[in-house]
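Please look over the sequence and the fold shown below before reading on.

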Amino acid sequence: MDITFETIGLEVPSEKAFNYLAERAGDQGEATQLSRRGAVLHGRCWKLGEGLEVWTVLYESGTGDIFYADCRPGFRARYTQRISPWALTEYDEEGEAVVHGYCDGTETEVLFELQNLTEVGPTGFRAPELHVGLCGLAYRARVCKKTSSADWQPLEKSAPTRAAHENDWCLTGRVIAFKPLRNPLSGSELYWVYLDLERLKLEVLVNRRALRGTLSIGAMLAAEVWLQGHVLDERARRSRYEGIDRAYATANFWSALKRRN
């Protein structure tokens with residue numbers, strides 16, 4: 001059915017299984033809603049644990065009719081990217097929103113599925129820059145045996161026949177850190193991988209069954225991913241503590257200090 005769910009360790013082999021998953025997410029997920037052009041979007045975020053999520057969205061028309069709009073997998077990234085400039089495109093009746101922008105005001109382009117539109121609300125989209133947790137959910141990944149250079153480009157450009165969504169990307173990056181995870185619902189084994197793509201650093205979630213090769217720090221990983229992200233509003237950013245970033249040495253912080261006298 002929808003192979004994107006396999007990226008977080010869930011098998012959805014049929015329409016019946018898909019509808020059952022959407023129903024469970026609707027019943028057990030945290031409820032949020034957002035008014036849009038005379039209609040209302042009802043979001044449900046079912047947090048499975050380990051950062052894994054299932055999002056479902058219902059669309060309520062101005063006449064009060066409610067129908068299912070979308071159900072999709074998600075993962076809450078641990079690190080935050082600053083996106084500026086940016087543009088938001090909404091497909092209300094389909095329960096989807098896509099953000100197109102550039103990392104830290106550079107020429108590094110990103111286009112990703114926005115998971116938590118109903119969670120953040122309109123006030124979170126008034127700033128000229130967005131603080132976003134980005135993570136690519138990998139359809140497939142392999143550890144490169146030969147020396148490879150970093151890469152970041154739309155999948156429809158590198159492999160058009162395999163691109164199913166506009167937010168599909170092809171990447172190659174150096175492994176900075178990785179950690180095994182387990183989907184609490186299915187028991188599937190996953191890997192959280194933090195990659196240096198030179199143009200940006202990105203988190204990737206890989207199902208162990210979709211990974212070829214053995215992960216190690218410093219190895220090059222190539223992957224095709226469905227890029228998704230969560231926007232952090234002001235309150236979320238103030239309450240967020242990410243801990244120590246092992247990608248930076250202590251000396252990097254001291255070098256930023258300058259005497260003013």
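Which residue of S11 is the bridge partner of Phe178? In S11, that partner is Val193. This is a predicted model, in which local features need pLDDT of at least 70 and side-chain atom pairs count only at pLDDT 80 or more, while totals for chains, interfaces and linings use all residues. Residues are numbered from 1 along each chain as its sequence is written, and side-chain values use heavy atoms, with hydrogens and water left out.

Helices (H or I, at least four residues) and strands (E, at least two) are DSSP runs, numbered from the N terminus, and two strands pair if DSSP finds at least two bridges between them. On S12, Leu205 stands opposite Trp192. In the hairpin of S10 and S11, with 6 residues between the strands, Gly187 takes a positive phi near 85°, and in the hairpin of S11 and S12, with 4 residues between the strands, Glu198 takes a positive phi near 70°.

| Pair | Residues of the strand named | Bridges |
|---|---|---|
| S10 and S11 | S10: 168-182 | 8 bridges |
| S11 and S12 | S12: 201-207 | 7 bridges |
| S2 and S3 | S3: 52-60 | 9 bridges |

**The sheet S1-S2-S3-S4**

An open sheet of 4 strands runs in the order S1-S2-S3-S4 with antiparallel pairing. Because S1 and strand S4 (66-75) stand at the edges, each with a single partner strand, one side of each is left without a neighbour in the sheet. Within this sheet, Glu30 has Cys45 of S2 as its bridge partner, and Leu41 has Tyr59 of S3. S1 and S2 form a hairpin with 2 residues between them, and Arg37 in the turn has a positive phi of about 50°.

**Nonpolar cores**

A nonpolar core is a set of buried Ala, Val, Leu, Ile, Met, Phe, Trp, Tyr and Cys residues joined through side-chain atoms within 4.5 Å. The largest has 44 residues, and those with the most contacts inside it are Val110, Trp152, Leu171, Leu202 and Leu221. Strand S8 (residues 130-143) gives the most to this core, with 6 residues. Apart from this core lies another, of 26 residues, including Leu21, Trp46, Cys135 and Leu137.

How values were computed:
Buried < 20%, exposed > 50% of the residue type's maximum accessible area, 1.4 Å probe, protein only.
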